[in-house]
Amino acid sequence: MRELGGEKLEKERARLFAMREYERAHGELAAVCGIDEAGRGPLAGPVAAAAVILPRECEILYLNDSKRLSPARRSLLFDEIREKAVAFEIGMVLPERIDEINILQATYEAMRKAIEGLSVRPELLLNDAVTIPGVDIPQLPIIKGDAKSVSIAAASILAKVARDRMMEEYALLYPDYGFEKHKGYGTAQHIAALRKYGPCPIHRLSFISHFV
């Protein structure tokens with residue numbers, strides 16, 4: 001994997017500095033927590049949310065919206081974030097619960113699980129575009145927050161990698177669906193398998209009525 005050097009490295013550090021400064025604009029707080037989710041749209045598998053508190057001067061090169069990173073880069077960052085974070089937690093809500101309460105409420109539930117699991121209580125939550133109900137910590141929703149805040153970017157990576165790895169484990173249990181490739185999203189391959197084999201135990205029944 002090619003690493004940055006020279007002018008490109010300086011540009012990367014400047015980008016990360018701007019993301020940290022964006023957070024500081026909301027106050028010099030000791031425990032700012034980024035919140036983001038992964039897996040709202042798939043036809044199968046859980047929805048995941050991560051909560052991350054980074055040290056104020058923490059520099060993690062390449063930290064960005066998880067969708068803009070390669071799987072290999074995400075995997076490396078997953079380990080680095082967990083190593084450097086003051087605190088982190090990942091919350092999961094399974095398909096049967098998603099069917100029971102709907103995906104939006106399940107996403108909020110996953111976020112609350114992540115927040116409640118932190119070993120340090122945050123002073124402020126920076127959320128990617130949502131306000132989480134049922135939380136007594138001040139919070140700030142930020143549109144496209146995973147491109148503006150280092151803490152939200154870190155949370156997006158933890159949630160994405162944790163969920164992808166879970167889907168790879170499910171692929172071993174249910175090999176007919178190709179979960180290791182599409183991670184449960186509604187690709188042509190996935191829909192064809194769903195029509196051929198019917199749903200398996202990790203499908204979201206409320207999502208697949210058009211296909212089975």
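**Aromatic contacts, pocket and cavity**

Y177 is buried, with a relative accessible area of 6% (buried means under 20% relative accessible area, exposed over 50% and partly exposed in between, with a 1.4 Å probe and protein chains only). The model is a predicted one, in which local features need pLDDT of at least 70 and side-chain atom pairs count only at pLDDT 80 or more, while totals for chains, interfaces and linings use all residues. Residues are numbered from 1 along each chain as its sequence is written, and side-chain values use heavy atoms, with hydrogens and water left out.

Across the whole structure, two aromatic pairs are found (ring centres of Phe, Tyr and Trp, the last by its six-membered ring, within 6.5 Å; planes under 30 degrees apart are stacked, over 60 edge-to-face and the rest tilted). The rings of Y177 and F179 are stacked, because their centres lie 5.4 Å apart and their planes meet at 15°. Both of these residues, Y177 and F179, are buried. With Y197, Y177 forms an edge-to-face pair, since the ring centres are 6.1 Å apart and the planes stand at 70°. This pair links distant parts of the chain, 20 residues apart: Y177 lies in the loop between α5 and α6 (179-182), and Y197 in helix α7 (residues 188-197) (helices are DSSP runs of H or I with at least four residues, strands runs of E with at least two, numbered from the N terminus). Y197 is partly exposed, at a relative accessible area of 40%. Together, Y177, F179 and Y197 make up one aromatic cluster.

Charges also meet rings. The charged end of R73 sits over the ring of Y62, 3.7 Å from its centre (NZ of Lys or CZ of Arg within 6 Å of the ring centre and within 35 degrees of the ring normal). Likewise, the charged end of R204 sits over the ring of F207, 5.0 Å from its centre.

Turning to open space, the largest pocket holds about 210 Å³ (on a 1 Å grid over the protein atoms alone, a pocket is an open set of points with protein on both sides within 12 Å along at least five of seven lines, a cavity a set where a 1.4 Å probe fits but cannot get out, and lining residues have an atom within 4 Å of a point). Among the 14 residues lining this pocket, E37, A38, G39, K67 and Y185 are the closest to its centre. Strand β1 (32-38) gives the largest share of the lining, three residues.

The largest cavity has a volume of about 100 Å³. Its lining includes R20, E23, L54 and V150.

Definitions and conventions:
Points joined across faces, edges and corners; volume = space filled by probe spheres on them.
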